[in-house]
Amino acid sequence: MQAVILVGGEGTRLRPLTSTVPKPVVPLVDRPFIVHLLDWLRGHGIDDVVMSCGFLATSVRNVLGDGSHMGLNLRFVEEPEPRGTAGALKFAEPFLDERFLMLNGDVLTDLDLSAQIAQHERTGARATLALVPVSDPSGYGLVRLHEDHTVSEFVEKPPADEIDTNLISAGAYVLERSVLELIEPDRNVSIEREVWPALIGAGLYGFASEAYWLDIGTPERYLQGTFDILEGNVRTEVRERLGDGYLCVDAAARIDGRVIPPAVVERGAHVATGAHVGSLVVLADGVSVGEGTIVERSVVLQGAEIGANCLLRDCIVGAGVRIGDRTHVTGGAVLGEGVTIGADNVVARGARVFPGVDLPDGALRF
Ligand code: GDD
Ligand code: MG
């Protein structure tokens, strides 16, 4: 079966991680984010994938290639300008089969697509939306259902006084090609605001699931997704790498300090004497952690160098970042690619430091 994945959004809420790398290829634990999604699709028999890329196609294509190394046939479609969620689908029309899946490219989930497809076939739906419960539906598409699984209402980004259910659209749809007839070509169209409402009473169904589901679009949720992968709360291929001990330390990493699971430490990483790494930590390729430094609940991307006696907690450190001795990075802080933070700084409380910043010793305190 075929799937089309929408990856054309700018990922602004994930900046500065997405300042230098498009959201689909931002690393999540040990592979580009979108590869987790492709692994999940392949597990449900999808082997043909159309990536609807908006304006970022080239760098996504450079990372993923033609998909053959993942057992997939990957094609890339680039809109002339962002066309919105339905406009992008319409633009991909020449590539699409009679029935296909459509996925938002920013969700981490293990929901049972095979069961969703089976329900779609059983009901004879034109569109079947996967639905998951969330505690606050306000940032999503709220869905009300009838007993026979038909959708009675779809409210995108509902105002507080309209929230009377916790079921939202998970961004995973089974569609019949005939849905494309509802989308006017060559203009910006939102599938959530224009197509789903038009399909109510005309073949729009919901498939409610209790599976793990997370929209990865903010730094807090990026960290949450990382932790959930490490803890095995969501089924991914990383789980096998971690094994029973919830620990994966590459044979070509050098550990002189301690690593506390769950954790992933990749090739060429170095944890110096007296340093504590974990739990819930990812050290990417070539990361070095100085003597006596503590790293907890954090992601440190490729080649970053952390000095001695630092504290990193609940933070994301971009590729190639350099951090001087005794510096603290905590409280959801995100350091963009290549940032330099001198010794004796405190970066905390959700601070986002953008690429190009070079902070001298002792410049920041909270
Ligand atoms: N090709 C292309 N072109 N892709 C786009 C465009 C576009 O113009 N606009 C958005 N996308 C992609 C984004 O990259 C993302 O993968 C997906 O479409 C959804 O866009 P978001 O901007 O992330 O939407 P959202 O998270 O606010 O809301 C959507 O997802 C929720 C679940 O996470 C809606 O579909 C909601 O109904 C849903 O609940
Ligand atoms: Mg989203």
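User: Which residues are the protein donors of the magnesium ion (ligand 2)?
Analyst: In this predicted model, the protein donors lie 2.1 to 2.5 Å from the magnesium ion. Each donates through an OD atom, and the two residues are D106 and D215.

User: How many residues apart are D106 and D215, and where does each lie?
Analyst: D106 belongs to the loop between strand 6 (99-104) and strand 7 (107-109). D215 belongs to strand 13 (residues 213-215). The pair therefore links distant parts of the chain, 109 residues apart.

User: Is D215 buried or exposed?
Analyst: A residue counts as buried when its relative accessible area is under 20%. The relative accessibility of D215 is 11%, so D215 is buried.

User: What is the arrangement of the rings of Y140 and W213?
Analyst: The whole structure holds two aromatic pairs, and one of them is formed by Y140 and W213. Their ring centres are 5.5 Å apart. Planes over 60 degrees apart count as edge-to-face. The planes of Y140 and W213 stand at 75°, so this pair is edge-to-face.

User: Which parts of the chain does the pair of Y140 and W213 tie together, and how many residues apart are they?
Analyst: Y140 lies in the loop between strand 8 (127-133) and strand 9 (141-145), while W213 lies in strand 13. Y140 is buried at 15% relative accessibility, and W213 is buried at 12%.

User: Which residue lies over the face of Y246?
Analyst: The residue in question is found at 4.1 Å from the ring centre of Y246. It is R239.

User: Why is strand 9 described as largely enclosed by the rest of the structure?
Analyst: Strand 9 has five residues. It is largely enclosed because the number of its residues that are buried is four.

User: Which residue in the turn between strand 9 and strand 10 has a positive phi?
Analyst: Strand 9 and strand 10 (residues 151-156) pair in the antiparallel sense over five bridges, and L142 has V155 as its bridge partner. The two strands form a hairpin with five residues between them. In the turn, the residue with a positive phi of about 75° is H149.

User: Which strands stand at the edges of the open sheet of seven strands?
Analyst: The sheet has the order 14-17-20-23-26-29-32, with parallel pairing. Strand 29 (residues 334-335) is joined to strand 32 by two bridges, with L335 bridging to V353. Each edge strand has a single partner strand, so one side of each is left without a neighbour in the sheet; these are strand 14 (247-249) and strand 32 (352-353).

How values were computed
Residues are numbered from 1 along each chain as its sequence is written. Chains are lettered from A and ligands numbered from 1 in the order in which they are written. This is a predicted model: local features need pLDDT of at least 70, side-chain atom pairs count only at pLDDT 80 or more; totals for chains, interfaces and linings use all residues. Side-chain values use heavy atoms; hydrogens and water are left out. Donors are N, O and S atoms within 2.8 Å of the metal (3.2 Å for Na, K and Ca); water is not among the atoms, so sites may look incomplete. Buried means under 20% relative accessible area, exposed over 50%, partly exposed in between (1.4 Å probe, protein chains only). Rings of Phe, Tyr and Trp (its six-membered ring) pair if their centres lie within 6.5 Å; planes under 30 degrees apart count as stacked, over 60 as edge-to-face and the rest as tilted. A charge sits over a ring if NZ of Lys or CZ of Arg is within 6 Å of the ring centre and within 35 degrees of the ring normal. Two strands pair if DSSP finds at least two bridges between them.
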